[in-house]
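Please look over the sequence and the structure shown here before reading on.

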Amino acid sequence: MNELLTNLPLLVFLIITVNYMVGAFFIVYHLTKFGLDSKTRILTIIFLSGSAVFVFLSFYFFFQIDWQELYQHINLLKL
């Protein structure tokens, strides 16, 4: 049970990130497939770049969290 609690934030984060990436892929696909002019393609590149930066920063900051310290603070609040 304790192992599940330590892996739960990672599991939730991965589920959210995968859903975001799938959604971003569908948006990019439809923008490139049904975009009529070059402005749409430029917006697609900007959107894709922003999404990649967002995913990279999310992973970076997620793995910077000290989960053991966070769990200790939560347990102190329960007392």
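The sections below treat the overall architecture, the surface and charges, and a few individual residues.

## Architecture and dimensions

The structure is a predicted model. The protein contains three helices and zero strands, and the order of its elements from the N terminus is α-α-α. Helix 1 covers residues 2–34.

The C-alpha trace extends over about 60 × 20 × 15 Å along its principal axes.

## Burial, surface and charge

Of the 79 residues, 16% count as buried.

The protein carries 4 positive and 4 negative charges. The mean position of the positive charges lies 23 Å from the mean position of the negative charges.

## A nonpolar patch

Which residues make the nonpolar surface patch of about 630 Å²? The patch is formed by Val18, Val22, Phe25, Phe26, Tyr29 and Phe34.

Two of these residues may be considered individually. Val18 belongs to helix 1, and its relative accessible area is 48%. Because exposed means over 50% and buried means under 20%, Val18 is classed as partly exposed. Phe25 is also a residue of helix 1. With a relative accessibility of 54%, Phe25 counts as exposed, because the cut-off for that class is over 50%.

## Gly23 and distances across the chain

Is Gly23 buried, partly exposed or exposed? Gly23 is located in helix 1. The relative accessibility of Gly23 is 29%, so this residue counts as partly exposed.

Gly23 and Gln72 stand 49 residues apart in sequence, and their C-alpha atoms are 35 Å apart. Phe25, from the nonpolar patch, is 26 residues from Ser51 along the chain, with 9.6 Å between the two C-alpha atoms.

## Summary

The predicted model shows a protein with three helices and zero strands. A nonpolar surface patch of about 630 Å² includes Val18 and Phe25, both of which lie in helix 1.

Conventions. Residues numbered from 1 in each chain as written. Predicted model: local features only at pLDDT ≥ 70, side-chain atom pairs only at ≥ 80, totals over all residues. Heavy atoms only, no water. Helix = DSSP H or I, 4+ residues; strand = E, 2+ residues; numbered from the N terminus. Buried < 20%, exposed > 50% of the residue type's maximum accessible area, 1.4 Å probe, protein only. Lys, Arg positive; Asp, Glu negative; His and termini not counted. Charge placed at Lys NZ, Arg CZ, Asp CG, Glu CD. Patch = residues over 30% accessible without salt bridge, like charges linked within 9 Å, V, L, I, M, F, W, Y side chains within 5 Å. Areas by Shrake-Rupley, 256 points an atom, 1.4 Å probe, with all protein chains shown as cover. Salt bridge = Lys/Arg side-chain N within 4 Å of Asp/Glu carboxyl O.
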